[in-house]
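Thanks for coming, everyone. Please take a look at the screen, and then I'll walk you through it.

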Amino acid sequence: MAALSIEVVGDERLAAGLTKAAGSVLPSQTKTVMTASLLLIEGDARRGVKRDTGRLQNSITHRISGGGGNLTGEVGPSVKYGLYVERGRRPGKPPPVAAVAGWARRHGVSPFLVARAIGRKGVRPAPFLLPAYEKNRARILDLFAQIGVKVVEAARG
């Protein structure tokens, strides 16, 4: 993603006001809005994921890294198989039998046969993260737009 850069030419007072306002409003407001945005996605992802034991659902969490005006937010599961639920799996090499043994046992089928079927047919995607983001996209954009309004208001003094 490209960085956003704004240059104000010709009005030093406006440029100084924007710089001061951005420094005072952005860091704390951005982290608050980032957290709120991630929680919106996390909540809908948890509600939208297919549930067997609840392990995948309970592993979905968020993380913020960076600081100041350079924050990165991530939402996702901590279990490895979450990627295969979200994106599916193409046919090819079957997964290890041990990886599907718990599911197979709970559903009364042979783990070997489940692994072989996955290797032959793949697994259809069951997205939960992307739909959660898409559902909340407009609200997230609005939250971040409000920060921009606060910066401009603070710059006006």
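**A quick tour of the fold**

The protein has 157 residues, and 28% of them count as buried. Buried means under 20% relative accessible area, exposed means over 50%, and partly exposed is in between, with a 1.4 Å probe and protein chains only. This is a predicted model: local features need pLDDT of at least 70, side-chain atom pairs count only at pLDDT 80 or more, and totals for chains, interfaces and linings use all residues. Residues are numbered from 1 along each chain as its sequence is written, and side-chain values use heavy atoms, with hydrogens and water left out.

Now the layout. The protein has six helices and two strands. Along the sequence the pattern reads α-α-β-β-α-α-α-α. Helices here are DSSP runs of H or I with at least four residues, strands are E runs of at least two, and both are numbered from the N terminus.

Contact means heavy atoms within 4.5 Å.

Next, the inside. Which residues form the largest nonpolar core? There are ten: Ile41, Ala45, Val49, Leu56, Ile60, Val79, Phe128, Leu129, Ala132 and Ile140. Helices α1 and α6 (129-156) each supply at least two of this core's residues. Helix α6 gives the most, with three. A nonpolar core is a set of buried Ala, Val, Leu, Ile, Met, Phe, Trp, Tyr and Cys residues joined through side-chain atoms within 4.5 Å. In soluble globular proteins, nonpolar side chains tend to be buried together.

Look at Leu56. Beyond four places in sequence, Leu56 touches Val49, Pro77, Val79, Tyr81, Gly82, Val85 and Phe128.

An α-helix has 3.6 residues a turn, so residues three or four places apart point the same way.

Glu42 sits in helix α1, residues 12-48. Is Glu42 buried or exposed? Glu42 counts as buried, because its relative accessibility is 11%. Leaving out residues up to four places away in sequence, Glu42 touches Ile60, Thr61, His62 and Val75.

Ser59 is in helix α2, residues 55-59. Ser59 also counts as buried, because its relative accessibility is 9%. Ser59 and Ser78 are 19 residues apart in sequence, yet 5.2 Å apart in space, C-alpha to C-alpha.

One last stop. The charged end of Arg89 sits over the ring of Tyr84, 6.0 Å from its centre. The rule for that: NZ of Lys or CZ of Arg within 6 Å of the ring centre and within 35 degrees of the ring normal. That's my tour.
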